[in-house]
Amino acid sequence: MNKKAENFKKYLDEKEIKAFTVDEIKDDQFRSAADINGNRLPLIVILDTSIYGMIRVLVAPKVLHDDNEAAVLKLLNTYNKQYKSFKYYIDDEGNLILDTCVLLKDDEVDGDLIYAMFDVIIRHLGESYKELMKSIWA
């Protein structure tokens with residue numbers, strides 16, 4: 001486990017936060033889920049050796065089809081222009097992803113900042129999830 005991941009694990013242990021598990025495949029990832037309107041969305045924190053920490057949420061799988069593509073992409077572009085702290089995109093498998101990037105100094109991890117970003121993400125998804133799903137299911 002790299003130093004940043006060790007520091008975040010220490011933060012989780014000290015604060016007794018049990019919502020995360022360490023991914024045994026990659027030693028720099030922590031897994032959890034966000035409960036959004038009764039749906040559990042997979043969430044990971046990636047703390048590699050770069051200066052970036054990443055919070056990634058799988059909002060919905062396989063979202064685009066011929067009937068909804070224009071509306072979904074328009075809505076995502078609107079959100080991406082509106083929200084500075086995170087960005088939406090469609091990955092190579094067609095899944096809707098929300099990413100938040102946090103700059104980290106050296107091997108330090110500000111666990112309180114990362115945890116605060118969870119709150120921002122969860123509040124946003126709580127407000128926007130129905131609109132997102134409506135455009136996906138159109």
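1. Glu 16 lies in the loop between H1 and strand E1 (21-22), where helices (H or I, at least four residues) and strands (E, at least two) are DSSP runs numbered from the N terminus. The phi angle of Glu 16 is near 55°, a positive value in a residue other than glycine. Glu 16 counts as exposed because its relative accessible area is 62%, the classes being buried under 20%, exposed over 50% and partly exposed in between, with a 1.4 Å probe and protein chains only.

2. Asn 37, located in the loop between E2 and E3, likewise has a positive phi, of about 50°, although it is not a glycine. With 43% relative accessibility, Asn 37 is classed as partly exposed.

3. On provenance, this is a predicted model, in which local features need pLDDT of at least 70 and side-chain atom pairs count only at pLDDT 80 or more, while totals for chains, interfaces and linings use all residues. Residues are numbered from 1 along each chain as its sequence is written, and side-chain values use heavy atoms, with hydrogens and water left out.

4. The protein chain has three helices and six strands, which follow the pattern α-β-β-β-β-α-β-β-α along the sequence. Of its 138 residues, 43% count as buried. Along the principal axes, the C-alpha trace spans about 45 × 30 × 30 Å.

5. Which residues touch the most other members of the largest nonpolar core? Among the 38 residues of this core, they are Phe 8, Val 45, Val 59, Tyr 88, Leu 96, Leu 125 and Leu 132, a nonpolar core being a set of buried Ala, Val, Leu, Ile, Met, Phe, Trp, Tyr and Cys residues joined through side-chain atoms within 4.5 Å. Helix H1 (3-14), helix H2 (69-82) and H3 are among the elements that each supply at least two residues of this core, and the largest share, nine residues, comes from H3.

6. Leu 132 is in contact (heavy atoms within 4.5 Å) with Val 59, Leu 75, Leu 76, Tyr 79, Tyr 88, Leu 96 and Leu 125, leaving aside residues up to four places away in sequence. Ser 128, which sits in helix H3 (residues 111-137), touches Tyr 79 and Tyr 88 under that same exclusion of residues up to four places away in sequence. Ser 128 counts as buried because its relative accessibility is 3%.
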